[in-house]
Amino acid sequence: MYLAGRRLFDDWVGGLAAILLLVNDSMLAVAISGKPTAMATFLVTAASYAAIAASLARFEGKPVVHWCLPLVLSALLCGLATLTVYSAVILVPILAVFVCRAFDRHRWLVVVSFLLVSFLAPPSEKAFTVA
């Protein structure tokens with residue numbers, strides 16, 4: 001939260017967002033409950049931050065590596081969040097549309113690539129786990 005708030009606004013807003021999240025009673029209850037909701041919240045927050053970083057790097061005209069790596073990371077984190085809690089699947093098209101707004105051309109290619117990475121890459125990791 002701090003990184004997203006700092007990246008979008010300034011240090012003060014980032015710190016305020018982190019403190020509000022830290023002292024939130026429902027967030028503390030979820031964290032100690034032992035359910036996968038806390039992990040899903042972390043993955044969704046990290047995916048959102050990576051999408052913000054990719055979009056801002058693209059808007060600022062930085063090299064391909066500076067926006068491509070956060071874009072792939074965001075898609076992978078979306079897939080992992082979906083595997084953690086299936087209701088997180090709603091995040092995938094929302095972030096895909098958010099990221100495609102940073103591109104002038106080939107928006108459809110970005111959306112399709114984002115969806116493919118988020119839905120195909122994490123399940124392939126599940127094949128390597130030992131039961």
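Contact here means heavy atoms within 4.5 Å. With that in hand, residues 24 or more positions apart account for 58% of the contacts in the chain with a separation of 6 or more. Please keep in mind that this is a predicted model.

**The chain as a whole**

Let's start with the overall layout. There are 7 helices and 0 strands in the chain, and reading along the sequence gives the pattern α-α-α-α-α-α-α. The C-alpha trace spans about 45 × 45 × 20 Å along its principal axes. Of the 131 residues, 28% count as buried.

Helix α5 takes part in both of the pairs set out below.

| Pair | Angle | Axis separation | Handedness of crossing |
|---|---|---|---|
| α4 and α5 | about 160° | 8 Å | left-handed |
| α5 and α6 | roughly 165° | within 10 Å | right-handed |

Take α4 (residues 37-59) and α5 (residues 64-84) to begin with: their axes lie 8 Å apart at an angle of about 160°. An angle over 145 degrees counts as roughly antiparallel, and α4 and α5 are therefore roughly antiparallel to each other. On the α4 side the contact includes M39, L43, V44 and R58, while α5 contributes residues including H66, W67, P70 and L77. Sorted by class, this contact has 19 nonpolar, 3 polar and 1 charged residues.

Now for α5 and α6, whose axes cross at roughly 165° and come within 10 Å. That angle makes α5 roughly antiparallel to α6. Here L71, S74, C78 and T82 of α5 meet L91, V92, L95 and V99 of α6. The residues of this contact divide into 6 nonpolar, 2 polar and no charged.

**The buried face of α6**

Which residues of helix α6 are buried? In α6 (residues 91-100) they are L91, V92, L95, A96, V99 and C100. Seen down the axis of α6, these buried residues fall within an arc of 155°, so they line one face of the helix.

Is S55 buried or exposed? This residue of helix α4 has 4% relative accessibility and therefore counts as buried. Leaving aside neighbours within four places in sequence, S55 is in contact with F98, V99 and A102.

Key
Residues numbered from 1 in each chain as written. Predicted model: local features only at pLDDT ≥ 70, side-chain atom pairs only at ≥ 80, totals over all residues. Heavy atoms only, no water. Axes fitted to C-alpha atoms, helices over the stretch in contact; angles between N-to-C directions. Helix = DSSP H or I, 4+ residues; strand = E, 2+ residues; numbered from the N terminus. Parallel < 35°, antiparallel > 145°, perpendicular 65-115°, else oblique. Left-handed = near helix turned anticlockwise from the far one by under 90°. Nonpolar A, V, L, I, M, F, W, Y, C, P; charged D, E, K, R; others polar. Buried < 20%, exposed > 50% of the residue type's maximum accessible area, 1.4 Å probe, protein only. Arc of directions from axis to C-beta.
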